[in-house]
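Dear colleague,

Please find below the structure that I am handing over to you, together with its sequence. My notes on what was found in it follow directly after.

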Amino acid sequence: MFGIWGHEKAAELTYYGLHSLQHRGQEGAGIVVSNGEKLELHKDTGLVNDVFSRANFPELLGNAAIGHVRYSTNGTKGIDNVQPLLFRSQTGSMALALDGNIMNGQKLRGELEDEGSILQTSSDTELLAHLIRRNGHEVNEETIARALQQFVGAYAYLIIKEDKMYAALDSSGIRALSIGRLGDSYVVASETCAFDQIGATFEREVMPGELVTISDEGIKSTRFSIREPRKMCAMEYVYLSRPDSDVNYVNVHASRKRMGKELAKEAPADADIVIGVPDSSISAAIGYAEQSGLPYEMGIIKNRYVGRTFIQPSQELREQGVRMKLAPVRGIVEGKRIIMIDDSIVRGTTSKRIVQMLKDAGAKEVHVRIASPAIQHPCHYGIDMSTREELIAANNTEDEIAEIIGADSLAYLSDTGLEEAIVKDKTINQGVCMACMTGKYPVTEEKKLDSKFTTY
């Protein structure tokens with residue numbers, strides 16, 4: 001997600017911000033812009049460049065905008081669920097964008113329908129609009145806070161209406177959301193790399209349980225929930241985020257290098273070279289090589305014109321994407337004993353194909369080292385790992401997985417090693433969610449919700 005307030009080129013800057021966040025979603029994109037009197041929407045399925053090649057930016061006039069790139073984990077495909085979602089009424093309009101997952105969404109959907117609401121999409125994003133406007137309420141800090149208090153899950157929300165923009169984060173801070181400045185303008189984004197793209201400077205993180213209001217009067221903060229200890233999604237560091245982003249004040253590239261160093265200490269192997277699977281594993285591979293004293297080599301190259309395979313919406317598309325995306329460098333791997341660093345193994349399909357490619361290219365041995373713990377549990381917070389049946393580590397031992405993917409050996413980074421690589425100091429502000437690895441979920445549907453909120 002990306003939002004900006006107080007800039008005459010809001011739509012264009014939002015386009016550039018979304019372009020820098022393309023790695024977070026490839027199924028659709030949209031922008032809603034406000035000129036102070038009305039909201040205008042442009043969205044479609046496809047990549048950012050494709051969607052906005054058909055946009056007429058001179059018609060998207062305004063000094064504020066929010067945008068979103070879609071990565072579906074639930075809900076149907078197609079343009080209806082592409083965000084932001086725009087809602088119009090006689091008393092004003094609002095648009096919303098969501099990053100995350102509402103665990104009690106089906107329950108809330110049923111309650112709203114029983115009360116007479118007619119929901120237009122299968123997206124959890126829409127629920128907030130109906131909860132805010134329940135009983136004809138206006139859109140303001142109080143009604144947004146009351147609505148957010150009914151959610152259980154992991155979420156970052158951006159909301160825009162004609163005269164204000166709002167940003168909100170769940171009480172455990174599982175998702176990421178940062179605030180920046182561009183001159184006199186405020187910027188909000190899922191990753192700080194979007195600030196660098198447009199020349200903005202990072203100001204601070206949106207805090208867990210915080211609702212931020214941005215308008216021509218400045219910025220105001222409202223606490224809508226008791227703040228829990230921070231549990232930032234570990235997959236932001238392992239895979240999702242760009243290496244040039246800082247997530248919760250920790251640089252992603254640096255944390256991945258530390259993962260690689262910890263992995264080299266925990267799981268060495270007799271080999272000639274270390275290689276990484278492009279792109280998210282390169283940093284960990286460099287760290288592993290530095291710690292082990294083995295040379296790092298570029299043993300796999302990536303086709304830059306193919307998107308990310310993990311976030312493809314179907315297994316068939318993921319497999320096709322692997323074949324198109326990666327190729328071994330025969331002159332580097334032939335006759336070598338290789339340590340191949342990857343960021344994670346989810347279903348095992350990608351790893352199996354890469355190991356086979358390396359051996360077809362003449363690699364003598366391929367020792368797979370994973371720079372994160374084994375993913376054995378489904379994610380309920382917005383990552384596309386919804387069932388144990390699809391997770392290879394939930395149903396097989398390390399030796400069995402090595403045999404399935406054709407590797408000579410396999411080892412994972414420990415839970416402790418991952419935490420050491422990410423967490424700077426164990427305080428309420430620092431901490432990671434490793435539920436998909438440990439099965440310890442920081443937020444459950446039984447979680448008691450707090451109903452107090454304060455403004456400061």
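As to terms, helices (H or I, at least four residues) and strands (E, at least two) are DSSP runs numbered from the N terminus, and two strands pair if DSSP finds at least two bridges between them.

Residues are numbered from 1 along each chain as its sequence is written. Because the model is predicted, local features need pLDDT of at least 70 and side-chain atom pairs count only at pLDDT 80 or more, while totals for chains, interfaces and linings use all residues; side-chain values use heavy atoms, with hydrogens and water left out.

Four bridges connect strand β1 (residues 2-5) with strand β10 (residues 185-189) in the antiparallel sense. Within this pairing, W5 has Y186 of β10 as its bridge partner.

Strand β9 pairs with β10 in the antiparallel sense over five bridges, and G180 stands opposite V187 in β10. The two strands β9 and β10 form a hairpin with two residues between them, and G183 in the turn has a positive phi of about 65°. Strand β9 is also joined to β11 by four bridges, running antiparallel, with R204 in β11 as the bridge partner of I179. Four of the five residues of β9 are buried, so the strand is largely enclosed by the rest of the structure. Here buried means under 20% relative accessible area, exposed over 50%, and partly exposed in between (1.4 Å probe, protein chains only).

**Aromatic pairs**

Across the whole structure, a search finds nine aromatic pairs. Rings of Phe, Tyr and Trp (its six-membered ring) pair if their centres lie within 6.5 Å; planes under 30 degrees apart count as stacked, over 60 as edge-to-face and the rest as tilted. The ring centres of Y15 and F52 are 5.9 Å apart and their planes stand at 75°, so this pair is edge-to-face. Since Y15 lies in helix α1 and F52 in helix α2 (residues 48-53), the pair ties together parts that are 37 residues apart in sequence. Y15 counts as buried at 16% relative accessibility, and F52 is buried with 5%. Y15 also forms an edge-to-face pair with F57, at 5.9 Å centre to centre and 65° between the planes. One aromatic cluster is formed by Y15, Y16, F52 and F57.

**Helix α5**

Helix α5 (residues 141-148) is mostly covered, with six of its eight residues buried. These are E141, T143, I144, A145, A147 and L148. They pack against α4 (125-132), β7 (153-161), β8 (165-169), β12 (210-215) and β13 (218-223).

With kind regards

Definitions and conventions:
Contact = heavy atoms within 4.5 Å.
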